[in-house]
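Hello,

Here is the structure I promised to hand over. Please open it first, then read my notes below.

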Amino acid sequence: MSHALLEPITLRGTTFRNRVWIPPMCQYVVDAEDGVPTPWHLMHIGSFARGGAGAVIVEATGVVPEGRISPRDLGLWNDTQRDAFAPIVSFAQSLGAKVGIQLAHAGRKASTHPEWGTDGTGSLTEAEGGWQTVAPSALAFEGLDAPVALDEAGIADLVSAFADSARRAVEAGFDFVEIHGAHGYLVHEFLSPLSNERTDAYGGDLAGRSRFLFEIVDAVRAEIPQDMPLLVRLSATDWNDAGVTVPETAELAALLADRGVDLIDVSTGGNVLADIPVGPGYQVPAAAEVRASSGVPVSAVGMIDEPKQAEQIVATGQADVAMIGREALRDPNFALRAARELRVDIDYVPRPYHRAYK
Ligand SMILES: Cc1cc2nc3c(=O)[nH]c(=O)nc-3n(C[C@H](O)[C@H](O)[C@H](O)COP(=O)(O)O)c2cc1C
């Protein structure tokens with residue numbers, strides 16, 4: 001059996017020890033509501049690094065306060081946040097993982113109750129600490145308050161905010177940056193005709209709907225070192241005939257690669273309510289199609305829960321990387337388990353755990 005999953009992969013100047021990566025997963029634990037990471041994040045990120053992952057991507061992190069999904073999200077709009085990230089990043093790196101951060105703006109899906117809040121669902125009122133949301137067009141996500149459409153000055157400010165956060169990510173020691181362009185958050189809202197009805201340069205055809213993302217990519221690329229990988233997470237389909245489609249996403253992937261994006265993290269959905277045929281590896285075909293049509297490296301994510309399943313996805317060239325989300329919450333040592341099950345010798349079983357992995 002080949003061992004594609006546990007093979008290193010190099011993007012630009014960075015070599016990752018394997019292709020088991022941990023996708024961003026919001027924790028909603030910043031009780032101080034100041035966007036500053038906590039000991040929970042040190043433990044959470046550190047546990048995946050200890051568990052052998054090639055890369056760990058820190059959860060969606062707001063580039064401005066209003067870009068958070070909830071008040072308990074992480075942020076990277078100030079230096080206090082940056083300085084609190086630095087020891088978390090270096091600890092995970094000391095365990096052999098590369099560490100990335102997903103820079104995000106939640107757009108019309110911002111200002112909501114934290115996921116497992118006991119105090120309600122949907123949009124927060126101002127009295128509850130919520131704020132006015134923004135989006136490409138004043139179209140509400142079902143069940144949430146209506147956003148205000150951004151004007152061109154507002155768009156330019158947000159492009160700068162992404163760049164400023166990327167600079168702070170570099171200063172904090174992150175190995176790479178991922179731009180959140182999926183799941184119905186602000187970038188995806190621009191990309192999808194279902195949420196973008198603009199008639200100016202930021203709407204219309206693919207080039208117009210992609211302009212906001214292109215400007216972010218160019219601004220971020222200008223702030224990060226030449227040899228630092230840049231990823232974009234995209235929802236390859238809205239699961240709606242009038243929305244984003246996989247062929248269009250493949251076209252977009254090629255355009256992004258031309259601008260210096262190194263890997264497309266292929267997810268789906270989140271911009272409108274849809275019937276999604278959820279099951280093992282349900283988003284892998286989208287990743288495979290984007291990879292085959294564009295020639296750009298991709299990761300696949302979504303119910304990849306077994307080492308042999310992940311190995312098969314990478315070995316057959318459907319994706320370059322397998323991202324393991326909820327299964328890694330259940331078993332943060334997924335990569336160590338994979339090496340054991342696939343009978344691959346690795347040299348990064350932590351010394352205190354050697355007796356468990358003999
Ligand atoms: C608790 C939780 C939080 C998540 N937060 C994010 C996030 O911050 N950014 C993001 O792009 N996706 C987020 N996701 C989606 C995951 O990254 C992943 O794409 C999804 O869970 C499917 O993969 P899985 O079946 O391996 O869990 C989250 C998922 C979970 C379960």
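**What I found**

Start with Glu311, whose side chain reaches the backbone nitrogen of Leu5 at 2.9 Å. That is a polar contact (a pair of N or O atoms within 3.5 Å; within protein, one must be able to donate a hydrogen and the other to accept it, and residues adjacent in sequence count only if both atoms are side-chain atoms).

Two sentences on the basis. This is a predicted model: local features need pLDDT of at least 70, side-chain atom pairs count only at pLDDT 80 or more, and totals for chains, interfaces and linings use all residues. Residues are numbered from 1 along each chain as its sequence is written, and side-chain values use heavy atoms, with hydrogens and water left out.

Back to Glu311. It lies in helix α8 (residues 307-315). Helices here are DSSP runs (H or I, at least four residues), numbered from the N terminus. Glu311 is buried yet has no salt bridge. Buried means under 20% relative accessible area, exposed over 50%, partly exposed in between (1.4 Å probe, protein chains only). A salt bridge is a side-chain nitrogen of Lys or Arg within 4 Å of a carboxyl oxygen of Asp or Glu. The nearest side chain of opposite charge is Arg19, 8.6 Å away. For charge, Lys and Arg count as positive and Asp and Glu as negative; His and the chain ends are not counted.

Elsewhere, the structure holds 19 salt bridges. One joins the side chains of Asp79 and Arg168 (2.8 Å, N to O). Asp79 is in helix α2 (residues 79-94) and Arg168 in helix α3 (residues 152-172), so the pair ties together parts that are 89 residues apart in sequence. Arg168 is buried, at 11% relative accessible area. Asp79 counts as partly exposed, at 35%.

Now the ligand. A polar side-chain atom of Arg326 lies 2.6 Å from a ligand oxygen atom. A backbone N or O atom of Gly325 lies 2.9 Å from an oxygen atom of the ligand. For Ala60, a backbone N or O atom is 3.1 Å from a ligand oxygen.

Best wishes

How values were computed: Helices (H or I, at least four residues) and strands (E, at least two) are DSSP runs, numbered from the N terminus.
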